[in-house]
Amino acid sequence: MNSRHVRAVLVAVLIATLLGWSDLLGWRTLVALLAGVALALLLLAAVWQLRACLGDAHAALRERFWAREAGVHHSFAGVTLKIDDDGRHVWLGGSGLLRVLGRLERDDVLAARHAGHWRRRADGALQLRVDAVVHVLAQMPERNDPRVQKFRRYLERDVLHPAARRRELLQGDA
C-alpha cells in the first residue's frame, strides 16, 4: 500500500469516527469537538512556524559565536586538527600534527622536514600540505607504529580523498 492509500484510509476512518460520534453525542458536542481539533491544529501550525523562525535565529547565533571555529571538524584521537582546503591543496596545522605524534619540535624543524610544502597562516601558525605529511609519515622511522599508520590512513581516507572528490565535482560543474 502506498502512502496515498494509507492517507485515504486514515481520512475515511476519521470521517466515519466523526459521523459515529455525531450520532452518539449530538451535533452540538460534535461542533465543539471539531472546534477543539481546529484550535489544536492552529496551535500546532503556529508552533511549527515559530520553530522555523527560531531555527533561523539559532543558525544566526551559532554562526556569530562559532565563526572562529567554523570548518574545524577534523580530529584524531581526541586532538582537534585545523584543516584548510584552498581549492588546490589541503593544509594541516603543524601544532595538531605534533600533538597527534606526541612530539615537541619547533616550527622551523617541522617546516624543514616538509621542505617546500608549508606556509604560514595570517595569524602566523604553521600549516603543512597534507599530501606531504602523508609522504613523510610513510617514510619516517616510526612508520610501522600503529598510531602513525592509523593517522596516515585517516589523512588519506577522511581528508585527502574527500577533497579530491570535491575538486572533481567542482571541475565537472564548470
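Which side chains meet in a salt bridge of 3.1 Å, N to O? Those of Asp 85 and Arg 166 do, where a salt bridge is a side-chain nitrogen of Lys or Arg within 4 Å of a carboxyl oxygen of Asp or Glu. Welcome to this predicted model, in which local features need pLDDT of at least 70 and side-chain atom pairs count only at pLDDT 80 or more, while totals for chains, interfaces and linings use all residues. Residues are numbered from 1 along each chain as its sequence is written, and side-chain values use heavy atoms, with hydrogens and water left out.

**The sheet**

- Four strands form an open sheet in the order E3-E4-E6-E5, with antiparallel pairing; strands (E, at least two residues) and helices (H or I, at least four) are DSSP runs numbered from the N terminus, and two strands pair if DSSP finds at least two bridges between them.
- E3 and E5 stand at the edges with a single partner strand each, so one side of each has no neighbour in the sheet.
- From one strand to the next, the twist averages 30 degrees, with axes being lines fitted to C-alpha atoms (for helices over the stretch in contact) and angles running from 0 to 180 degrees between N-to-C directions.
- E4 and E6 run antiparallel and are joined by three bridges.
- Gly 93 is found opposite Gln 127 in E6.

**Helices on the sheet**

- H3 lies across E4 and E6, at about 60 degrees to E4.
- H5 also lies across E4 and E6, and runs at about 75 degrees to E6.

**The nonpolar core**

- The largest nonpolar core has 24 residues; such a core is a set of buried Ala, Val, Leu, Ile, Met, Phe, Trp, Tyr and Cys residues joined through side-chain atoms within 4.5 Å.
- Helix H6 gives the most to this core, with six residues.
- Leu 81, Leu 92, Phe 151 and Leu 155 have the most contacts inside the core.
- Not counting residues up to four places away in sequence, Leu 155 touches Val 130, Val 133, Val 134, Leu 137 and Leu 160, a contact being heavy atoms within 4.5 Å.

**A look at Leu 110**

- Leu 110 sits in helix H4, which covers residues 107-113.
- Leu 110 is buried, at 2% relative accessible area; buried means under 20%, exposed over 50% and partly exposed in between, using a 1.4 Å probe and protein chains only.
- Beyond its neighbours within four places in sequence, Leu 110 is in contact with Gly 94, Leu 97, Leu 98, Glu 105, Leu 126 and Leu 128.
- Leu 110 and Gln 127 are 17 residues apart along the chain, and their C-alpha atoms are separated by 9.8 Å.

**Salt bridges**

- The count of salt bridges comes to 12.
- The pair from the opening question links distant parts of the chain, with Asp 85 in strand E3 (residues 83-85) and Arg 166 in helix H6 (residues 146-173), 81 residues apart.
- Asp 85 is partly exposed at 34%, and Arg 166 is partly exposed at 43%.
- Asp 86 bridges to Arg 119, with the closest N and O atoms 3.5 Å apart; Asp 86 lies in the loop between E3 and strand E4, whereas Arg 119 belongs to strand E5 (residues 118-120), 33 residues apart.
- In the salt bridge between Arg 121 and Asp 123, the closest N and O atoms are 2.6 Å apart; Arg 121 is partly exposed at 27%, while Asp 123 is exposed at 55%.
- A network of salt bridges links Arg 103, Glu 105, Arg 113 and Glu 142.
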